[in-house]
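Here is my note on the charged side-chain pairs. Please read it with the structure open.

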Amino acid sequence: MAAEISFSITSPRGDHPLSVAYERVGSGEPLLLLHGIGHHWQAWEPVLDILAAERDVIALDLPGFGTSPALPEGVPYDLATVASVLAALCESLEIERPHVAGNSLGGLLALELGREKLVRSVTALAPAGFWTQAERRYAFGTLLAMRFGAESMPLPMIERLSRSVAGRAALTSTIYARPGRRSPEATVAETLALRGAGGFHQTLAAGRDILFTHDVPGLPVTIAWGMQDRLLLRRQGIRAKHAIPGARLIRLPGCGHVPMNDDPALVARVILDGSR
C-alpha cells in the first residue's frame, strides 16, 4: 500500500502545499524511481524486488499522475518546477542526494536532477527531450491517441480486453514490446491511470519546447534504450550520448519504451550497475 507525504514548495506566487504518493521498499543507498507521462509508480513493480535487495527504493507518483494530486493552480509543469518538487520531496523524506532512475518523462527529470547535482547517479531509460521536432510531434500525437482511447473505452471493455494477450497488446503495445507479460490487473490499472492523469495535458504543453542539450558532468550517467521502442525511437539515444559524452549508452534488446516489464532482470541490472 503506497504512502503519502505532504510538503510545500515556494514559487514567485508564494508557498504551495503539495502531497505525493510513493512506495518505499528495501534497504541500502536511496534510489528514486520516476515514471513516464500518463503512468504511475506501479510501472516499476516488475523490478522493485530486485532493486530492493540492494537499495532503499522510493517509487513515486509524479504530481498529477497516479494518486498524487495535480500541482496547485498557477504552478507550471515545466522541467525546473517539477525538479524542484522532487528536491523538496527528497528533503521531506530525509534523503540526501539519492541515486535516480527514470523512464521517458522520468528519465528527462532524472537528467535534470543530475544536472543540478541533486543526485549521486542517473540512469535514464529512453529519456524524453532528445527528439527532432518531427519526432516530438509523432510521440505527442501517439500519446494523445492513447489518452483518447483510454478516455473513450468504458471500464467493462478495458477489463474484457485485458483478459487476453491480444487485448493487452491492443491496449499497451505502443509502450511494451512484450505486452502479454503484463498482468490483466496491471493493464487495467495503468489504462485507468492514463485516463485519470490530471497533469497529462499540462505536461505535454510544457514539453513542446524542451530539447535537452546539456551535459551532466561529474556524475555517473547511464542512458539505456529499448531496441523496439515505438514511441521515442532508439536513434535518439545517439543524440543523448552526443549531448552527454561521459554517459554509458546501453541497448536493451527485446524491450520497448517501458522496458521494466519487458525484461525486468536486464533493466534492474542496468540500474544497479549505474548506481554503484
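1. Start with Asp 273 and Arg 276. Their side chains form a salt bridge, with 2.6 Å from N to O. Bear in mind that this is a predicted model. Arg 276 is exposed, at 57% relative accessibility. Asp 273 is partly exposed, at 37%.

2. This pair has a further partner. Glu 54 joins Asp 273 and Arg 276 in a network of salt bridges.

3. Next, look at Arg 24 and Asp 56. A salt bridge connects their side chains, and the N to O distance is 2.6 Å. The two residues come from distant parts of the chain, 32 residues apart. Arg 24 belongs to strand 2 (residues 14-26), while Asp 56 belongs to strand 4 (residues 55-60).

4. Then check Arg 115 and Glu 116. They also make a salt bridge, and their closest N and O atoms lie 3.5 Å apart. The bridge counts because the limit is within 4 Å. Arg 115 is partly exposed at 30% relative accessibility. Glu 116 is partly exposed too, at 42%.

5. Last, the overall count. How many salt bridges does a search of the whole structure find? The search gives 10. As background, side chains of opposite charge can pair when their charged atoms come close.

How values were computed:
Residues numbered from 1 in each chain as written. Predicted model: local features only at pLDDT ≥ 70, side-chain atom pairs only at ≥ 80, totals over all residues. Heavy atoms only, no water. Helix = DSSP H or I, 4+ residues; strand = E, 2+ residues; numbered from the N terminus. Buried < 20%, exposed > 50% of the residue type's maximum accessible area, 1.4 Å probe, protein only.
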